[in-house]
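Thanks for coming. I will take you through one model, a few local features at a time. Please have the structure open as I talk.

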Amino acid sequence: MRIVGFEANGALHLGVVEGDQVIDLQAVDKSIPGDLGECLRRNNGDLSPLKDAAKRAPAGARRPLKGLTYGLPVAAPGKVLCLGLNYLEHVKEGSQRVNIPKFPTIFMRGRTSLVPHGQPIIRPKASETLDYEAELIFIVGKRAKHLTAANAYSCIAGYSCGNEGSVREYQRKTTQWDMGKNFDRTGGFGPWMVTADELPAGAKALKIQTGSTGRSCSRTPPTT
């Protein structure tokens with residue numbers, strides 16, 4: 001499934017994308033939350049209630065995908081953990097190319113730094129060094145601790161796209177990157193979540209690439 005968040009009638013809704021249409025799940029069952037994160041919490045990561053609701057949707061629950069006002073795929077994420085320096089080829093491009101790190105850099109993004117699909121990313125007045133980064137976003141569907149490499153994928157609900165905008169000037173002012181990663185509305189998230197059963201485990205071997213206009217970059221996700 002492709003599960004999308006969107007705005008309708010002044011509220012957040014969830015939908016299932018089918019071709020050029022969206023099934024409005026709240027039009028099928030008003031008890032379904034408008035936030036995917038809340039759906040995952042209620043059902044311990046089980047998305048079958050959303051699939052079942054989409055199957056019984058009447059014609060009136062369908063709306064055109066064109067013209068949709070997108071919301072974030074997860075409206076209120078509990079926390080957004082980010083990995084830096086985890087693509088070897090990208091590391092070689094930057095200042096870290098001599099000392100390859102043994103572990104990825106961990107930093108966090110706040111909710112207000114994220115922007116839904118179709119809305120502009122905003123460069124702050126404080127700097128002109130806003131940069132783009134095409135990223136893969138893992139959406140964790142249920143609580144999990146003490147995972148191993150063998151079972152880590154079991155908690156992934158799905159995957160989405162990200163444009164992890166970074167204000168480089170501020171990112172490099174300290175050894176902690178959070179300052180340059182958390183200006184309001186600097187990171188794109190969406191347009192939707194593709195459920196884990198639709199893609200290879202860990203989204204391995206998929207290409208990550210920015211849009212066709214302007215500058216572009218591509219990365220192949222690591223295989224380990």
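Which residue in β2 does glycine 5 stand opposite? The answer is leucine 14. Before going on, some housekeeping: this is a predicted model, in which local features need pLDDT of at least 70 and side-chain atom pairs count only at pLDDT 80 or more, while totals for chains, interfaces and linings use all residues. Residues are numbered from 1 along each chain as its sequence is written, and side-chain values use heavy atoms, with hydrogens and water left out.

Back to the strands. When I say strand, I mean a DSSP run of E with at least two residues; a helix is a run of H or I with at least four, and both are numbered from the N terminus. Two strands pair if DSSP finds at least two bridges between them. Strand β1, residues 2-8, pairs with strand β2, residues 11-18, in the antiparallel sense over 6 bridges. They form a hairpin with 2 residues between them, and asparagine 9 in that turn has a positive phi of about 55°.

β2 also pairs with β3, again antiparallel, over 4 bridges. Here glycine 15 has aspartate 24 in β3 as its bridge partner. This hairpin too has 2 residues between its strands, and glycine 19 in the turn has a positive phi of about 60°.

Now confidence. pLDDT is the predictor's confidence in each residue, from 0 to 100. The protein averages 89, and 92% of the residues score at least 70. Confidence is highest in strand β3, residues 21-24, at a mean of 98, and lowest in strand β15, residues 218-219, at 39. Over residues 213-224 the pLDDT is below 50, yet this stretch has 31 contacts in the model beyond near neighbours in sequence; a contact means heavy atoms within 4.5 Å. Where pLDDT is low, the predicted coordinates should not be read in detail.

Next, backbone geometry. Most residues other than glycine have a negative phi, and most peptide bonds are trans. Histidine 146 has a positive phi, near 60°. It sits in the loop between β9 (134-140) and β10 (156-163). Is histidine 146 buried or exposed? Exposed, because its relative accessibility is 77%; the cut-offs are under 20% for buried, over 50% for exposed, and partly exposed in between, with a 1.4 Å probe and protein chains only.

Arginine 185 also has a positive phi, near 55°, and is found in the loop between α6 (178-181) and β12. At 31% relative accessible area, arginine 185 is partly exposed. As for the peptide bonds, the one joining glycine 190 and proline 191 is cis, with omega about 20°. Proline 191 lies in the loop between β12 (187-189) and β13 (193-195).

Valine 91, in helix α4 (residues 88-93), counts as buried because its relative accessible area is 3%. Its C-alpha is 8.9 Å from that of proline 101, 10 residues apart along the chain.

Serine 127 is in the loop between β7 (114-116) and β8 (130-131). With 4% relative accessible area, serine 127 is buried. What does its side chain make a polar contact with? The side chain of threonine 129, at 2.7 Å. A polar contact is a pair of N or O atoms within 3.5 Å; within protein, one must be able to donate a hydrogen and the other to accept it, and residues adjacent in sequence count only if both atoms are side-chain atoms. Leaving out residues up to four places away in sequence, serine 127 touches Val167, Glu169 and Tyr170.
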